Amino acid sequence: MSSPAAVVGPTSGLDRAAVVRWARDNGVYVALVLLIAYNLIFTPRFITPENLNVQLVLCTRIIVVSLGMAMVIGTAGIDLSVGAVMALSGALLVQFSSFPGGAAIALALVVGGMVGLLNGFLVGFVGVQPIIATLAFLFAGRSLAQLLLSGKNPSIHNESILAVSSGSIFGINGLIIAAAVAVALVAFVMRRTNFGRQLLAVGDNSRASYLSGVPVRRTLIGVYVFSGILAAWAGVMDTASITSANALSSGLNYELFAITAVVVGGTPLTGGRVRVVGTVAAAILMQLLRSTLIFHSATDAISQIITAVVIIAAVYIQRVRARA
Amino acid sequence: MTTPTESAVAGGSPLMDDGGEGYRDGSPAGLRARAAAVLRRNGVAAFGALAVLIVVGSLLWPSFHSADNLRNTLLGNSYIGIVAIGMTLVIITGGIDLSVGSVFALGGVVGVYANNNAGPVAAVLATIVVCGAVGLINGMLVGFARMAPFIVTLATLFGVRGLVYQITNAGATTYSVTSESFFAHLGTGTIATIGIPIFLAVALYVVFHTVLERTPFGLTTFAIGGGEDAAVLMGLKVRRTKVTLYVISAALAGIAGMLQAAQLVSASPIIATGYELQAIAAVVIGGTLLTGGAGSLIGTAAGVLLLGTINAVIRELQLDSTWNNVVSGAFLVTVVVLQRLLIYRRND
């Protein structure tokens, strides 16, 4: 009687661990498929090429910011400054809008990278906790953007900046292409470069990485610079799509949305792992979930509450992995 | 299945482990390290900066140290000050509570609603119970389900704000009290020309300082932050203490929100966004370590007052109030970098 139980115990335990691991790795895709299936059946006129295109365009900015956040979280850090960098980037585009569009965008990206450099320096060299190092710029960045714009929301008329949103290649919206470029870049960096491997090593165990010759500080700085540039790029996309700079609303709370997408996408907060496709899927999932609720005339309030439940569920699955 | 010890030992990875074990290595001069520890612990740096700021401000502007200015600054910062108490306690255990801003808004709505239906005593009780329930959810998920505090409270930040929008119909339903009511006096009233919220904030600081420094509960709080596994092995009630602390944090945030609603004679669903970050900034400036195990409420009080005084200086300079955040952010970095340079020697 007792011996079969003893055999079954560990076996079912293993199965459970395997199931949990599978759920953690693929849960976001399953949820996405289920949500689309639900909408095919219950929401008329939701799954149409036009609407899916709109939904995708709506979440492009979050995708771009989330990828930078995923890399930072891969080093067991966090970047709270991304939303502020987006606002600052928009404000800078206004300042530089007399320049040729490409130069203005490049300058905005450079400033985003400089913010990342500051964050990375504080984290890598001074040893300040990431949450505090980046919290400072969350305060300062948006206010700097407001001061740059002196409280106005000036329109952007520069054609090449606006082309980021209004342009299209083969009928694909410019914002989708802008996000796809970022996805491809991050996927390449994470899968094919030394930097990507070093990033994961630092996240896994920064002490061991240091002892085995990984340039820990340089890697940390690089990660925050990357995140800053991606956030600035999202700011350019945001500004181009609303055709004006708004220091108050551009990128507001994006740090929270991005963390949500990264966590729901299956990247553990403890570092050492970055899931690029999972993060993109999670950003799309959160967007579809929200608009599904709106289609079914739930209020924004309800969708916020459901967001909270999704976050808890996603992390609960990860937690079980941490113990297994 | 899982004994308490097992489950407590297995997880418990702090979100931001930046390898800050440098302070344990004995190489820097012990005296300097000890002096630095004393400085850090009681937020002496923050008090020093505060003193400098007040002296400079008083020399430059005669009106700066006027009683009116002082009263307004204290009153304006008593709410965030109350929020920062709970935040300090949670951070000392190595946790964090991002939901306080949303709970603050919830406290205002619940307080006004209960007051209008059942009177001021019910208002206080209902606020504590409803907001404490949010803290209970946070605490259970952190303490028993062993989830990362950052993520749990991020979720309740969204969820509770959504709840507040839902019960106010996104602000369409207004919750207000008459300015003559007893409830409104909690916020607008004065004793010897000093606002009642200031008295309450000071009283709460005294109570929780005593709890933290003089009771077993306070010792357990420090022990959890110092080393959770060790605390479990010592037989301390780690999980129960954690739950209690998140309940305290949420209840205090709710009370602060209720007081501000009383002062404004109405509850706003959009109030207090970003308060969690302000409170964290004040706590960190006050010398409490985010890694847990060290900190003090005296320091936090200094941090709150320092940020409030920066605010007042900027008002005095007649600068755009947006400069507040820029200066506060710069100050936060400066203080943290100084603490870091003064206290830690990185060994990597």
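Is B:Arg146 buried or exposed, and what is its relative accessible area? I looked that up to start with, keeping in mind that this is a predicted model. B:Arg146 comes out buried, at 13% relative accessible area.

Next I checked its partner. B:Arg146 makes a salt bridge with B:Glu228, with 3.5 Å between the closest N and O atoms. B:Glu228 sits in helix α11 (residues 228–233) of chain B, while B:Arg146 is in the loop between α6 (120–143) and α7 (149–167), 82 residues apart. B:Glu228 also counts as buried, at 13% relative accessibility.

I then found a salt bridge from B:Glu228 to B:Lys242, 3.1 Å from N to O. B:Lys242 lies in helix α12 (residues 238–264) of chain B and B:Glu228 in α11, so this pair ties together parts 14 residues apart in sequence. B:Lys242 is buried too.

Over to chain A. I see A:Asp25 and A:Arg275 meeting in a salt bridge at 3.9 Å, N to O. A:Asp25 is in helix α1 (residues 2–42) and A:Arg275 in the loop between α11 and α12 (276–295), 250 residues apart. Both are buried, and A:Arg273 joins them in a network of salt bridges.

I looked at helix α2 (residues 49–74) of chain A as well: it bends by about 40° at A:Cys59. In α2(A), 19 of the 26 residues are buried, so the helix is largely enclosed by the rest of the structure.

Last, the interface. I get 46 residues of chain A in contact with 48 of chain B. The buried area is about 4,300 Å², with 76% from carbon and sulfur atoms. Chain A's side has 31 nonpolar, 11 polar and 4 charged residues.

Notes. Residues are numbered from 1 along each chain as its sequence is written. Chains are lettered from A and ligands numbered from 1 in the order in which they are written. This is a predicted model: local features need pLDDT of at least 70, side-chain atom pairs count only at pLDDT 80 or more; totals for chains, interfaces and linings use all residues. Side-chain values use heavy atoms; hydrogens and water are left out. Contact means heavy atoms within 4.5 Å. Buried area is the accessible area (1.4 Å probe) that two parts lose on being put together, summed over both. Ala, Val, Leu, Ile, Met, Phe, Trp, Tyr, Cys and Pro count as nonpolar, Asp, Glu, Lys and Arg as charged, and the others, Gly among them, as polar. The bend at a residue is the angle between axes fitted to the seven residues ending there and the seven starting there. Helices (H or I, at least four residues) and strands (E, at least two) are DSSP runs, numbered from the N terminus. Buried means under 20% relative accessible area, exposed over 50%, partly exposed in between (1.4 Å probe, protein chains only). A salt bridge is a side-chain nitrogen of Lys or Arg within 4 Å of a carboxyl oxygen of Asp or Glu.
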